[in-house]
Each structure stands twice: as structure tokens, then as C-alpha cells.
Amino acid sequence: MPLVSLLVPAYNAAGFLEETVRSVLAQTHREWELLLIDDGSTDATPALLGSLSRLDPRIRTFRQENAGTQAARNFGLRHARGDWVALLDHDDLWLPRKLERQLEIAREHPGAELLFCNFSRWNGERELDRHFTREDRLPSGAVLEKLARHCLFGALTVLVRRDALSRAGGFDTRFLRCGDWDLWLRLAEQGVEARGTLEVLALWRVWEGNLSGSVVKMRREEVLVLEAALERALTDELRSLYRRALAEKRGNLALHEVLARSGEGYDVATAAWHAWRLAPKRVRLLEVALSSCWPRALGGARLRARALAKIRRSY
């Protein structure tokens, strides 16, 4: 019986899938099964899955009609046999000690039901930056308060107890881009203990096909995830937490909708001012609001361009 069941949804994944699978085959920990779920691909993915399944008997392949990433993950979850469930997208990679190191953490913290690691954004040739940069910023234990503000864990880094996933109800198929964050929130609401490491054990590939690449669509879905969380909240404390987080995400969305339209002057200033009022710690929002109102003759255009560049880098 495998200790870890790894779910990999694959839709038109022929370009990167083999490299991803080989990163799993290179794991130093060997007690795993790899479930490749073809989500109704129209390219060479089905044939590739056939050849990949012959590389190792621990690889199992499935096919469903196209229904999206979360539906494919749920499909795989129904066939998973391991105590732990891991996630990996078809274009990302694990480093060889990923499973070994995380299962060490599980032994060190037997109460933990959600394990994670650090990861790097990677363009296929070099590391761009790391998700966590400091040990003291690493989430630990009960993480709901921090998790309500933003998604703490990359899906490619997480190991979750299979019975905890079942209690949470699996993945919500409404959320194409933020389904993992929605699930982490539901797990955290149940009091799941999280433990992780600052060590980089996975690579998140940055390329034009990333599903998360559309910033405005991502921000819209973040709002929907928190609206769903607020709707199911049962206590005043939890409702207050989600309302604060939702206000900040709505401000971010308002700002990005204006930026996406390349708005000028007052529109940008108003959106940035509104977003800053909802999230006053984001000082760069205030920079955009003020610089957008500054007269062009006194250098306003240059100030605004500089402030907008900072916003685009940080949001």
C-alpha cells in the first residue's frame, strides 16, 4: 500500500508532463503512487500517458471528460490509496528529497495533517525568487488567520492527510484558479495543524500557459472564495475575520480592473485610494493615488509611472 498518493491533472499537457513525471520518479522516498488524470485533452497527452504508465508500475492513468483541474483532482482523490495526498500540476517539478523531507516533518509533528515546503518560481532555466524568504515568516500550527488574507501554500508543495481531505469535502469545482486556497481554508476552519520547512523542494514553472497568469481573473476568484467562506462562517469571530479579508481582496480587485483597462488620471487615483482605505498597510497604493493626482507639469506623469510599476511588481 503506498504511503503517498500524488494527483496530477493533465489537460493538453504533452509539452511538460514527462519532465514532471520524471521528477517524481527521482524521489528518494519510494512509497508513492502517481495518479495521472487526463482531463479530456485534445493534444498528444492521452498517448503520452500510455507511454509514461509503462515507466513504473506505481503510475496509474485515468481519463475523464473535460471538467477542469478541481474535478480532475476529485476524480484522483476517489482512486487514491495512500495515507497522504500530494498535488502537482503537469508543468511543475519536485526536487528529489521533497517527499523524504516532508515525511520526516510528519514524524517530528505527529499531529500535523497539512505539510508544506518552500518553492521557487522558475522559468525553466533559472530560479527567479522564493515564496518564503525568512524562517520567522513560515506558517506553523493553526494558520487560519494568516490564510484568510492570502494563500500561504503552493499546491505543488502540500501533503494532506487523506481522511482530512475527505472531511473537508474535497475540491470545489467552482474555483478554477483558487480551488487549492479554498480547500486550505476549509481545512484550517476544522483546526488542521500545518507544518513546513523553509527548504526549497519544488519548482513552480512560470510560462505563458500558467492558469494563474490572468491577474484580474485571479483577483475576482479570490473575492468569490472569501464570499463563500463568509457564507459558511458559523461564529462572529470567523465572520469578522473573513469580512476584513474580503474588503482587502475587493480593494485589490478594484485596483487591478482599472490597471487592466490602462485607465488614466482620476480612475486610477480613485481605485488606488479605495484599495488603500481597505488595506492601509499597502503604502504603495497610496503612492499611486497621490501621484495620479499630481500635476503633470510638476512631474506627475513620472511619479505615477514609477508608482504603478511598483504596484504591478507587488500585486
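**Contacts, burial and helix packing**

Me: What share of the contacts in the chain with a separation of 6 or more comes from residues 24 or more positions apart?

Reply: Residues 24 or more positions apart account for 75% of those contacts, where a contact means heavy atoms within 4.5 Å. This is a predicted model, in which local features need pLDDT of at least 70, side-chain atom pairs count only at pLDDT 80 or more, and totals for chains, interfaces and linings use all residues. Residues are numbered from 1 along each chain as its sequence is written, and side-chain values use heavy atoms, with hydrogens and water left out.

Me: How many helices and strands does the chain have, and what percentage of its residues count as buried?

Reply: The chain has twelve helices and nine strands, counted as DSSP runs (H or I of at least four residues for helices, E of at least two for strands) and numbered from the N terminus. Of its 315 residues, 51% count as buried, a term that means under 20% relative accessible area, with exposed over 50% and partly exposed in between (1.4 Å probe, protein chains only).

Me: Why is S120 called buried, and what does its side chain meet?

Reply: The relative accessibility of S120 is 0%, so this residue counts as buried. S120 lies in strand β6, residues 114–122, and its side chain makes a polar contact with the side chain of E127 at 3.2 Å. That value falls inside the limit, because a polar contact is a pair of N or O atoms within 3.5 Å; within protein, one must be able to donate a hydrogen and the other to accept it, and residues adjacent in sequence count only if both atoms are side-chain atoms. Leaving out residues up to four places away in sequence, S120 touches several others, among them D129, R130, V200 and W204.

Me: What makes L36 buried, and which residues does L36 touch?

Reply: L36, which is found in strand β2, has a relative accessible area of 0% and is therefore buried. Beyond four places in sequence, L36 touches V8, L17, V21, L49, L52, I59, R60, T61 and F62. The C-alpha atoms of L36 and R60, 24 residues apart along the chain, are separated by 6.2 Å.

Me: Why are α1 and α2 called roughly parallel?

Reply: Helix α1 packs with helix α2 (residues 45–53) at an angle of about 25°, and their axes are 11 Å apart; axes are lines fitted to C-alpha atoms, for helices over the stretch in contact, and angles run from 0 to 180 degrees between N-to-C directions. Angles under 35 degrees count as roughly parallel, over 145 as roughly antiparallel, 65 to 115 as roughly perpendicular and the rest as oblique, so α1 is roughly parallel to α2. In this contact L17, E18 and V21 of α1 meet L48, L49 and L52 of α2.

Me: How do you know that α7 and α8 are also described as roughly parallel?

Reply: Helix α7 (residues 179–189) and helix α8 (residues 215–232) pack at about 25°, with their axes 10 Å apart, and this angle is why the two are roughly parallel to each other. The contact includes W181, L185 and R186 of α7 and E222, V225 and A229 of α8. By class, the contact of α7 with α8 has five nonpolar, one polar and six charged residues.

Me: What makes α3 a largely enclosed helix?

Reply: Eight of the eleven residues of α3 (residues 69–79) are buried, which is why the helix is largely enclosed by the rest of the structure. These are Q70, A71, A72, R73, N74, F75, G76 and L77, and the buried residues of α3 pack against β1, β2, β3, β4, α6 and α7.

Me: Why is N12 called partly exposed?

Reply: N12 has a relative accessible area of 29% and is therefore partly exposed. N12 lies in the loop between β1 and α1 and has a positive phi of about 45° although it is not a glycine.

Methods. Ala, Val, Leu, Ile, Met, Phe, Trp, Tyr, Cys and Pro count as nonpolar, Asp, Glu, Lys and Arg as charged, and the others, Gly among them, as polar.
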